[in-house]
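Trainee: I have a structure open and would like to learn how to read it. Please take me through some of its features one by one.

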Amino acid sequence: MATYTLKYVEKKPLSFSVPVVAAAGAFAGIFVGAAQGSIWQGILAGAVLMAILTFLAQGVLSESMEKPFRWGMVVLFAAGGYVFGEIPGIVVGAIFGVFYGWFIYWIGQGRYREKLLPYLTPGQVLGHFAFRVICGMIFFFLITPIVVVMPLSFNAEDFFTFTPEMLSFDPEGYSLKHYRDFFTSPDWQQALWNSVAIAPVATLLSVSFGTLAAIGLSSEHVPFRRAIMAILISPMIVPLIISAAGMYFFYSRLGLQGTYWGVVLAHAALGIPFVIITVTATLVGFDRSLTRAAANMGADPVTTFFRVQMPLILPGVISGGLFAFITSFDEVVVVLFVGSAGQKTLPWQMFIGLREQISPTILAVATILVSISIVLLTTVEFLRRRSERMRGLSPG
Amino acid sequence: MSDGTTDPKTVDAPKADDPRDQAKAADNVDKDGRMLSADGTPLKRSLARALRVQKMRALMLIAPLLIFVLVTFIAPIVDMLFRSVENQIVSNTLPRTVASLSDWDASQDGAPGEEVFENFYYDLFIAAEAKEHTRLGSRLNYEQTGLSSLFRGSGRSVDDVGEEQIDALEDLNEAWEDEAFWYELMTGGENSAPTAEPLDIQRGMLERLTGDNFSGDVGFLPGSAITRVLPRTVNQYAAFALFTVFADEDVVAEEEPWEAVKVALIQELQAGADLSEYDGPGAEELRAAQEMLADQPQIAFKDAFIEMDEDWGENANWRTIQTYSPELTEGYFLNAIDMQKGIDGAEPRPENQQIYIMLFQRTLFMSLVICGSCILLGYPVAYLLSNLPMRTANLLMILVLLPFWTSLLVRTSAWKVMLQQQGVINDVLVWLGLVDDFGRLVMINNQFGTIVAMTHILLPFMILPMYSVMSTIPPSYVRAARSLGATQWTAFWRVYFPQSVPGIGAGSILVFILAIGYYITPEIVGGTTGTFISNRIAYHISSSLNWGLAAALGTILLAAVLILYWAYDRIVGIDNVKLG
């Protein structure tokens, strides 16, 4: 069926587009001007430049000239950037050029109206885009710290900030030495090895106990269900420092403090709530008649579990396991107290490095960990969709 | 649930409309008209049994995990709660002193009487041998400064008490320096009736003192005759014997006894022990010693201690020991709220020692600020995500989930990189010319740093619950409001916002619970003004070793969190916690 929607996209008069783009230019001029010494000159220059360019694009050139004009702006701004700030200036200038080239046409041709309801007043349109810009800034806030770490990890110097060589894209400014440091330093390697030795065992413990218990909890006649649930979830709710303190006291009484198994048990306890939550959520959609059918056909409970129930709830179990794994792999407070120098894990080593600020090797480790978490995120998302598809909760 | 057939309440007798059914039903009904199952038992009972079996099966599946969590997690928490009131160290280290101090009236000036000092001598002697007196000293030092060094110093010189009389005894007969003579005297020779009682008493005291195991073969049994005549000496010797065998791993008969044993002997002889009926080994020597000691001055314990260190004459020190002698104390909790135990109960600490109330207030205040900024930043994002088309929303969701999945340490180090004075933000500001190179902003190691970093770290925990609530709000409500003439703001504020409040509530409590117990981030970016109560708890566990206070602070924090958890359960329900 063809749909006809009323569009409200039309070329705007110059009296509208020139001042708007000029104002945007003035805003950018603040920063350029401040960097060059005079804010007022920057504002003025930015406004005048953008006003001229807008007049040129919207008033003089025809619409077919859009592409060449926008490329021209990129080149122009990149050249301007080189004058002010050499090589980093080119990049910033080119970005400015791309943005303002798009902005001039977006405003001038009224394209900003494209996806909006046609009856909105100009004030509402402005509010809509202001809201979008605010959200964009919040996303920027969320993601920037993580993104900034990555290039810094290739720093050739032992600094936690961008060096002039890095900013001018000089190959001299970059090196893999922090990665080399990570892969050759015995401290880091020991820490990596400890993390790898602790996390899977803790995960295995919490997944096997947790899955059984989640299946028990999902049957409809469980006495004291709320109380049991509260106890099982509590490791997630109790502040880590309190868990750490309690475990430190108690495990030293048992002689588990400072041992491998002490840390594994502690981490398994911390991972359990995640397994319980994800697996019970998966079991909510589980069709119980399948197990009855299996029993009807003569399968014993163990066979039913492994051949019928397990394959269906496997996505939930795996994503619970991933949560438990990342909890253990990322945990530092409890291991700091329950472990001893022999159980120094990767986060612990990072914590020491951060507190005493020894080397930017931390940033290399951070980059590696971010890559790992991207992989895990993708896996969990994939599993979640697969599980929903298998249970028929969503068509996609 | 689909599985309703096992519920006894829903089972009806078959309807008897059809004659065939009637005939069938007659087979399944007993003479009282109760339904029977196939094996002849009443249906109600067999259903109840089936239900019981199901319950048992569910519990059996849960049991392993429940036991695991109880042992590895709940027991430590309970242990910590216990530690916050536990105070056995004083009565374990100084059992006799504590008993005699209980009658002492602390409101009198000066130190307690001779009897207390006498008991204190024997307690301190064993404690010093076992090197436990320094632990007690540091424990009591939390309450009264100076007691740690007092105990440490006295532990060194406690051997010198009664030196004069011991020298006189040993000058009289060298046998008193001979370990074999002592051993024979105490065992009562070859054909004596041994008694194990003194050993058992001392074993119990030593085990409480050191926490080690003292059971096993000592190679020594006190004679009953000598025990009747010189009970205190035998007890001291028994303690010496146990300690020699189990702590020093030596042989009793080959070691010269402690000074405390000789002091006990001198005391008992001077006090007029009745030797007339004693005829075991060493009877001659004992009589000679008693005769000689009659001319010697009595051992003055109080004077000896005050000579050792005049602080032992201070009323305040003894009052502290008396105040903290019960096995349970509320002292740590009082300390945790900037109070202390005074003469007339709780009193505020001196101004310059008050820190914990301020820290609790700061923790609360900063958690509220963090929670508030998470709401401010999270609400627009959640709104945007739930109102965008699915495909775009999923893409943008990655920007929220990536920080959520990234290691906490990575995010904290990222903020350290961003915020420090030579860091990225300051560099950008300087490059833009907004900030002078010498006037770089101080954004780290203060409250600002903690708030920014923790807001960033906890923001996903706010956005996700908000998003899950907002995506269930039907867009038609707002459209209806708009078509009925509401302005955009009214439609949002009166129609949309009230429906999104549960999401705000869920997110805020989650963020607040997480924020209030945070440790790592404040430790790294908080400096001194941005730290939380949890940093203080960690400090007391690992640096100052005041575990009792750490446990008391932790208990208060835990209580706060549990109240919030309860509220969360009431508002949201634990079952509704969703991840990712």
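**Reading one residue, then the whole**

Mentor: Start with a single residue in this predicted model. Setting aside neighbours within four places in sequence, B:Ser46 is in contact with B:Ser37 and B:Thr41.

Trainee: Which helix holds B:Ser46?

Mentor: B:Ser46 sits in helix α2 of chain B, which covers residues 43-83.

Trainee: Is B:Ser46 buried, exposed or partly exposed?

Mentor: Count the C-beta atoms around the residue. A residue is buried with 20 or more others within 10 Å and exposed with 12 or fewer. B:Ser46 has 17 within 10 Å, so it is partly exposed.

Trainee: How far is B:Ser46 from B:Gly433?

Mentor: Their C-alpha atoms are 84 Å apart, and along the chain the two residues are separated by 387 residues.

Trainee: What should I look at when two helices pack?

Mentor: Two packed helices are described by the angle between their axes and by the distance between those axes. Take helix α8 (residues 163-172) and helix α13 (residues 259-270), both of chain B: the angle is about 85° and the axes lie 10 Å apart. Angles of 65 to 115 degrees count as roughly perpendicular, so α8(B) is roughly perpendicular to α13(B).

Trainee: Which residues make the contact between α8(B) and α13(B)?

Mentor: From α8(B) come B:Gln165, B:Ile166 and B:Leu169, and from α13(B) come B:Glu259, B:Lys262 and B:Ile266. Sorted by class, this contact of α8(B) with α13(B) has three nonpolar, one polar and two charged residues.

Trainee: How many residues are in the largest nonpolar core?

Mentor: The largest nonpolar core has 165 residues. Those with the most contacts inside it are A:Ala244, A:Ala245, A:Val334, A:Val338, B:Leu458, B:Val511 and B:Ala515. Helix α22 of chain B (residues 447-470) gives the most to this core, with 15 residues.

Trainee: What does B:Ala515 touch?

Mentor: Not counting residues up to four places away in sequence, B:Ala515 touches B:Ser367, B:Ile370, B:Cys371, B:Met454 and B:Leu458.

Trainee: How is each chain divided into domains?

Mentor: Chain A is divided into domain 1 (14-152) and domain 2 (185-390). The C-alpha centres of these two domains of chain A lie 47 Å apart. Four residues of domain 1 of chain A are in contact with four residues of domain 2 of chain A. On the domain 1 side, the four are nonpolar, with no polar and no charged residues.

Mentor: Chain B is divided into domain 1 (8-82), domain 2 (93-159 + 301-323), domain 3 (173-293) and domain 4 (356-576). The C-alpha centres of domain 2 and domain 3 of chain B are 25 Å apart. Their contact takes ten residues from domain 2 and ten residues from domain 3. On the domain 2 side, helix α5 of chain B (residues 114-129) gives the largest share, five residues. That side has six nonpolar, one polar and three charged residues.

Trainee: And between the chains, how many residues does the contact take from chain B and from chain A?

Mentor: The contact takes 83 residues from chain B and 84 residues from chain A. On the chain B side, α2(B) gives the most, with 21 residues. The residues of that side divide into 58 nonpolar, 17 polar and eight charged.

Conventions:
Residues are numbered from 1 along each chain as its sequence is written. Chains are lettered from A and ligands numbered from 1 in the order in which they are written. This is a predicted model: local features need pLDDT of at least 70, side-chain atom pairs count only at pLDDT 80 or more; totals for chains, interfaces and linings use all residues. Domain bounds come from an automatic or database domain assignment. Two residues are in contact if their C-beta atoms, placed from the backbone, lie within 7 Å. Ala, Val, Leu, Ile, Met, Phe, Trp, Tyr, Cys and Pro count as nonpolar, Asp, Glu, Lys and Arg as charged, and the others, Gly among them, as polar. Axes are lines fitted to C-alpha atoms, for helices over the stretch in contact, and angles run from 0 to 180 degrees between N-to-C directions. Helices (H or I, at least four residues) and strands (E, at least two) are DSSP runs, numbered from the N terminus. Angles under 35 degrees count as roughly parallel, over 145 as roughly antiparallel, 65 to 115 as roughly perpendicular and the rest as oblique. A nonpolar core is a set of buried Ala, Val, Leu, Ile, Met, Phe, Trp, Tyr and Cys residues joined through C-beta atoms within 7 Å.
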